[in-house]
Amino acid sequence: MYSAYKVLVLDDDKLVTSSLKSLFMIEGFSDVVYFNSPVEALDYLKNNERNVIISDFMMPLMNGIEFLSEAKKLYPSVSTILLTGFADKENAIKAINEVGIYKYIEKPWDNDYLILNIKNAFERANLINALAQKNKELEKYSNHLEDLVKEKTSNIIEMNDRLSAIINNCADGIVISSIQGQVLDVNPACESLFGLSDDILKTKTVQQLFISNEIDWSQLLLSKEETLIREVFVLNEVNANKIPVEISCAYIPESQNFVLVIRNVNFQKEMDRLREDFIATLTHDLRTPSVAAIQTLEYFLNGKLGELTDKQKMLLETMKKSNEDMLGLVNTLLEVYKYEAGRLKLVKTSFFFDKLIDECINQVMPIVNSKNQILVKNLCNLENINIYADRNEIRRVIINLLGNAIKYTQNNGQIEVSAFVEDNDLHFSVKDNGEGIYKQDIPKLFKRFSQGTQEKRSISTGLGLYLSKQIIDAHGGKIWLESDKGKGSEFFFLLLNVVINKEKETLWTV
């Protein structure tokens, strides 16, 4: 029962230690040591820890108070009990206050009372030890926490320094504003852009900084939405220049402020102008001569300038085809530019989609026949169905998809054209059993100049599918493909809400 109790008993009277030994044996104490000399007891304690120490008060060489004081130096958490006679009671009380003795018990003692106090002393010692261990752990955690706080603080300072360096050296102007629009802070690039110091800029609101009659700044800031604003100007106070800018506006929830990144797009505008000049030059210097060359070659081929030999006809046909290819490339580049620049307006009309498909198929049938291919038409619920779209542009997409299918399908292969209407949406696809496309090529196939091949570069421009995507996107639709290498490909496009019930063709420009 008391096997965990480690007790030391000291009394210069052997009769007392013998009596206590008998008592403890009866009670079941198994780990008790007995001494009649305080010097021997201290020597023992130097190498052996005890939970409870019971000591007599009056002893030769060293009294009980002195002995217990030395014992507590060795083991501060030990519980000490002083046995004293009635005459020494006053000194015992003094010792409790000065030395920190747990309990004094007068001789002769009551056995039950002594055992009870030993139990309490043992529990006290355990509690003190546990508390000391917790204090050590707490101290260790406190030291670790302090180091952690120092590390985090250092990281925050480093991040702030890095962020400050980025902001201060950023080529774009940066404005921090309140949700009410008051300018709170700016970076050096912003000062250069406006030609004003940060002190002056901080006295202004965002409404005063930017020139635009179309922006409701109070509504925009209150919405807390991330916004990109174009066609805005700022006035440089130094040179009075009106500078076109784009503004990226984002809400910062932590501070409940806004950050506005202001980009000077004057250079970009100049590049756009130069690009337009280049396109105009391309139109005049390439397109016009190509048309003239084609028309001249047609005069020769039509025999208007004299009879030609078969060899001459073949040579002139080759020259005409080369000029037509170059003209097609120029026209495609022009169309791509117009879509990217947002300058091409869709001319939407209502027309019968099945008739458009027949027209496109009739155009490519000579090539299909030359390769002994089979072209299957699978149209469902399209008879007398009008759709509302740009007929010429949709025709361009269909011809492109059919041309690719024919080109990449071997002789004697099969091509299937499918279309159907569902909930006023038009579904169209072209399927072939040709070469197929590598999986890794599919995501980049609708990008500019991509030809969708890992093996070799073909003679095409890689703009056909890109332009097709631009056209379908402009209609608010979607274009995609499914393919397995060696098994063929299927290209799809979807036009949403284009089916109408109009009998007459109408013309709209959007």
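The model is predicted. Its protein chain holds 14 helices and 19 strands, and buried residues account for 39% of its 510 residues. Of the contacts between residues at least 6 apart in sequence, 61% link residues at least 24 apart.

**Helix H1**

- Start with helix H1, which covers residues 14-27 and so has 14 residues. From its first C-alpha to its last, H1 reaches 20 Å, close to the 20 Å expected at 1.5 Å a residue.
- At its start, a side-chain oxygen of Asp-13 comes to within 2.9 Å of the backbone nitrogen of Leu-15. After H1 comes Gly-28, which has a positive phi near 100 degrees.

**Helices that pack together**

- Two packed helices are described by the angle between their axes and the distance between the axes.
- Helix H12 (residues 353-370) packs with H13 at an angle of about 35 degrees, and their axes are 10 Å apart. This crossing of H12 and H13 is right-handed.
- Among the residues that meet here are Phe-353, Leu-356 and Cys-360 in H12, and Arg-391, Ile-394 and Leu-402 in H13.
- Helix H13 (residues 391-407) also pairs with helix H14 (residues 464-474): their axes come within 9 Å and cross at roughly 145 degrees. The crossing of H13 and H14 is left-handed.
- The residues that meet at this second crossing include Glu-393, Ile-394 and Val-397 in H13, and Leu-465, Leu-467 and Ile-471 in H14.
- The buried residues of H14 are Leu-465, Tyr-466, Leu-467, Ser-468, Gln-470, Ile-471 and Ile-472. Following H14 is Gly-476, with a positive phi near 75 degrees.

- Lys-377 lies in strand S12 (residues 374-380). Is Lys-377 buried, exposed or partly exposed? Its relative accessibility is 43%, so Lys-377 counts as partly exposed.
- The side chain of Lys-377 makes a polar contact of 2.6 Å with the side chain of Asp-358. Setting aside neighbours within four places in sequence, Lys-377 is in contact with Ile-357, Asp-358, Ile-361 and Val-417.
- Lys-377 and Val-430 are 53 residues apart in sequence, with 9.6 Å between their C-alpha atoms.
- Leu-297 belongs to helix H10 (residues 266-301). Leu-297 counts as buried because its relative accessibility is 7%.
- Leaving out residues up to four places away in sequence, Leu-297 touches Leu-316, Met-319, Lys-320 and Asn-323. Leu-297 and Lys-313 are 16 residues apart in sequence and 9.8 Å apart in space, C-alpha to C-alpha.
- Ser-418 is part of strand S14 (residues 414-422), and with 14% relative accessibility Ser-418 counts as buried.
- The side chains of Ser-418 and Glu-416 are joined by a polar contact of 3.5 Å. Not counting residues up to four places away in sequence, Ser-418 touches Asn-378, Leu-379, His-427, Phe-428 and Ser-429.

- Most residues other than glycine have a negative phi, and most peptide bonds are trans. Here are some places to look for something else.
- Which peptide bond is cis, with omega near -10 degrees? The bond from Lys-107 to Pro-108 is cis, and Pro-108 is found in the loop between strand S5 (103-106) and H5.
- Ala-240 is not a glycine, yet has a positive phi of about 60 degrees. Ala-240 sits in the loop between strand S8 (227-235) and strand S9 (242-252) and, at 56% relative accessibility, counts as exposed.
- Asp-423 also has a positive phi, near 50 degrees. Its place is in the loop between S14 and strand S15 (425-432), and Asp-423 is exposed, with a relative accessible area of 68%.

Technical notes:
Residues are numbered from 1 along each chain as its sequence is written. This is a predicted model: local features need pLDDT of at least 70, side-chain atom pairs count only at pLDDT 80 or more; totals for chains, interfaces and linings use all residues. Side-chain values use heavy atoms; hydrogens and water are left out. Helices (H or I, at least four residues) and strands (E, at least two) are DSSP runs, numbered from the N terminus. The expected span of a helix is 1.5 Å times one less than its number of residues. A polar contact is a pair of N or O atoms within 3.5 Å; within protein, one must be able to donate a hydrogen and the other to accept it, and residues adjacent in sequence count only if both atoms are side-chain atoms. Axes are lines fitted to C-alpha atoms, for helices over the stretch in contact, and angles run from 0 to 180 degrees between N-to-C directions. A crossing is left-handed if the near helix is turned anticlockwise from the far one by less than a right angle, and right-handed if clockwise. Contact means heavy atoms within 4.5 Å. Buried means under 20% relative accessible area, exposed over 50%, partly exposed in between (1.4 Å probe, protein chains only).
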